[in-house]
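Please find below a short note for a colleague who is meeting this structure for the first time.

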Amino acid sequence: RKEVEQDPGPFNVPEGATVAFNCTYSNSASQSFFWYRQDCRKEPKLLMSVYSSGNEDGRFTAQLNRASQYISLLIRDSKLSDSATYLCAVNEGTNAGKSTFGDGTTLTVKP
Amino acid sequence: ETGVTQSPTHLIKTRGQQVTLRCSSQSGHNTVSWYQQALGQGPQFIFQYYREEENGRGNFPPRFSGLQFPNYSSELNVNALELDDSALYLCASSFRQGAHSPLHFGNGTRLTVT
């Protein structure tokens, strides 16, 4: 079993739809959590950090459930430009440089 | 603010050869990490350097080695290349002491081993 697991998708949704991704992690000692966005053949870029209280950035909402060991990402009012692969990442300790990534969830938003 | 830069962008090597990939960290960041991303998978942690010393290593054999220089730039060296080493190699910089400090990736080097 992988340390960090994501539904690979693909998720194909129409513009304006709301879509949610989940990511589960197996290491209960995990301390910090992130969502990255990766466009085709590009590097991952930070979308948002995930805080215990949950956090929102415009159309994007991230939640953390420590008891069940999963994080989620909700995208509201999907845009064509949201089409990308979404990677979740988990850090075990205070070492920010060592992250364990899921294999990503691919989202395609269609007109 | 200068971002993370990697070179070269693309590289083709033959099995058994050696390769060196280079990375310049984002200004102000003192830690550099290297990741390997195979097609269809998430980035896999190779190792991290802090104060010019290896500070954590993933499940990669010793033929993967690295260096960090006083200016925080870094190199990844891979000896005796294998076909499975074909991947996107990503360098990422961060703050060592920042538990919630995210990774800032370079644009990557796409390595093809034939």
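How many bridges join β4(B) to strand β5 of chain B?

1. Six bridges join β4(B) to strand β5 (residues 44-50) of chain B, and the two run antiparallel. Strands (E, at least two residues) are DSSP runs numbered from the N terminus, and two strands pair if DSSP finds at least two bridges between them.

2. This is a predicted model, in which local features need pLDDT of at least 70 and side-chain atom pairs count only at pLDDT 80 or more, while totals for chains, interfaces and linings use all residues. Residues are numbered from 1 along each chain as its sequence is written, chains are lettered from A in the order in which they are written, and side-chain values use heavy atoms, with hydrogens and water left out.

3. Seven of the seven residues of β4(B) (residues 31-37) are buried, so this strand is largely enclosed by the rest of the structure. Buried means under 20% relative accessible area (1.4 Å probe, protein chains only). B:Thr31, B:Ser33, B:Tyr35 and B:Gln37 point one way, and B:Val32, B:Trp34 and B:Gln36 the other.

4. In β5(B), B:Phe47 stands opposite B:Trp34. Six residues lie between the two strands of this hairpin, and B:Gly40 in the turn has a positive phi of about 80°.

5. β4(B) is also joined by seven bridges to β9(B) (residues 87-94), again antiparallel. There, B:Tyr89 stands opposite B:Gln36.

6. Between the chains, 22 residues of chain A are in contact (heavy atoms within 4.5 Å) with 25 residues of chain B.

Definitions and conventions: Buried < 20%, exposed > 50% of the residue type's maximum accessible area, 1.4 Å probe, protein only. Helix = DSSP H or I, 4+ residues; strand = E, 2+ residues; numbered from the N terminus.
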